[in-house]
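Open the model in a viewer and keep the selection panel at hand. The stops below say what to select next and what is there.

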Amino acid sequence: MIRLENVTHAYEGRRVLCDISVELSEHRIGLIGANGSGKSTLARTLNGLVVPDSGRVSVDGLDTRTDARAIRRRVGFVFSDADTQIIMPTVAEDVEIGLRGSGLDRAEIRKRVDAVLARHGLADHRDHPAHLLSGGQKQMLALASVLVTEPDVLVCDEPTTLLDLRNVRVVEQILRGLPQQVILLTHHLDVLDGFDRVLVMDEGRIVFDGDPGEAVDFYVGLMDRRS
Amino acid sequence: MTSLGLYVPGRTPLHRAPAGVKLALLLAVVTVVVLLPPVGAAVAALVAAALYPLCGLPSHHLWGVLRPLLPFLALIALFQAVTAGPQVALGVCARLAAAVLAAGLVTLTTRVAEMLALFERLARPLRLVGVRPDWAALVLALTVRCVPMVAAAWRGAREACLARGIRPRPHRLVVPVVVGMVRSAEALGEAMSARGLD
């Protein structure tokens, strides 16, 4: 269970999160909003990448302010630009590094890495340079690198933004099949079909919270009024 | 292949040998090559070159290792031939070529991760001065990872200039590349934190 209590945050005087209180417990949660609405900052508070100026974010009772390391083991994070998420030179090495310090022996690490690469269609690219993969493959690698650590929650910050339609579908299918709780930020509104709950953000506030269909209608209406 | 396009996957004995053994062998080979007479050094260079196909490395890898060295070899050969004679020129160039080819064999058959693990072990004494060897190894890995990032940033800035009809002179590329790299570094740092590597 993720809980936000009166969360407020500002960047250089500009408020990006305004007194947000919400509990996130559903299996599939979508988060939509215009650019600059605060959804990325909100997502970053969920695993302690951003510590709010005031208020509290907790995951299973652990506070992101004091237990960030423990929380990051529970909450995986996938960024929109997979390129910046790749840390190691080759595909397998990048997946492996997430298991550093996990206490697993080499054989178990290899087994887990091979399994996650196979699940994400990267088994044949094990020793390939990560930066030479296609955009879709890089996003698969980003997902694999996070999922190999078996987090309880996966927060995805617009993971399909830089992908073509085919790869959007692939990522969508993977996310739908995950046993973990998924919190997805996206501009691909059709991906939210079948989600349990969708939040709409605007100017640092949650302005709608409910069923995906209604949330998308609300968001479209909001954008229509703005333009 | 690695991020630098170096490691070539394979199952030859050299591929399977531990990184530490390969580095120790390299050190021994280079030491012996330095002590060899010019003809012996030339034979050593030929043997090193012959090992490439035997290790399953296509000829373009051999050429890729030799090509950057050729201008230097040409200059050194010319200088040595004029000042010390052709025998000395042959000896110096052959030793250099043999050493670089042997080093290339190690690089092409060793994963970066294996090298880093070795580096981590070798860096253990640094604990005495407060340096964590695993972090030192990670810094080295990130350095390797950043080479293609810098190249991509440079290529991107160059293409942006060309697309706008501006000649991509180096002084015009430096600022966007540096700004891009700072942004990339911030994003990489954030990604590392997100993966618990902080």
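Select H5(B) first: of its 14 residues, the number buried is zero, so the helix lies largely in the open. Here a residue is buried if 20 or more other C-beta atoms lie within 10 Å of its own, exposed if 12 or fewer, and partly exposed in between, with C-beta atoms placed from the backbone. Helices (H or I, at least four residues) and strands (E, at least two) are DSSP runs, numbered from the N terminus.

This is a predicted model, in which local features need pLDDT of at least 70 and side-chain atom pairs count only at pLDDT 80 or more, while totals for chains, interfaces and linings use all residues. Residues are numbered from 1 along each chain as its sequence is written, and chains are lettered from A and ligands numbered from 1 in the order in which they are written.

Stay on H5(B), residues 70-83. Its end C-alpha atoms are 20 Å apart, which agrees with the 20 Å that 14 residues should span at 1.5 Å a residue; the expected span is 1.5 Å times one less than the number of residues. Just after this helix, select B:Gly85, which takes a positive phi of about 105°.

Next, select residues 64-82 of chain B, one of the spans that UniProt lists as "transmembrane region" in an unreviewed entry. UniProt positions are given in the numbering used here, feature names are shortened, and annotations may be inferred rather than shown by experiment. The span is 84% helix and 0% strand, with its end C-alpha atoms 29 Å apart.

Now colour chain B by domain: the assignment, automatic or from a database, gives domain 1 (13-110) and domain 2 (122-194).

Then show both chains. In chain B, 25 residues are in contact with 25 residues of chain A, contact meaning C-beta atoms, placed from the backbone, within 7 Å. Helices H7 (112-122), H8 (133-163) and H9 (170-194) of chain B each give two or more residues to the side that touches chain A. H9(B) gives the most, with eight residues.

Finally, colour by confidence. pLDDT is the predictor's confidence in each residue, from 0 to 100; chain B averages 88, and 97% of the residues score at least 70.

Methods. Two residues are in contact if their C-beta atoms, placed from the backbone, lie within 7 Å.
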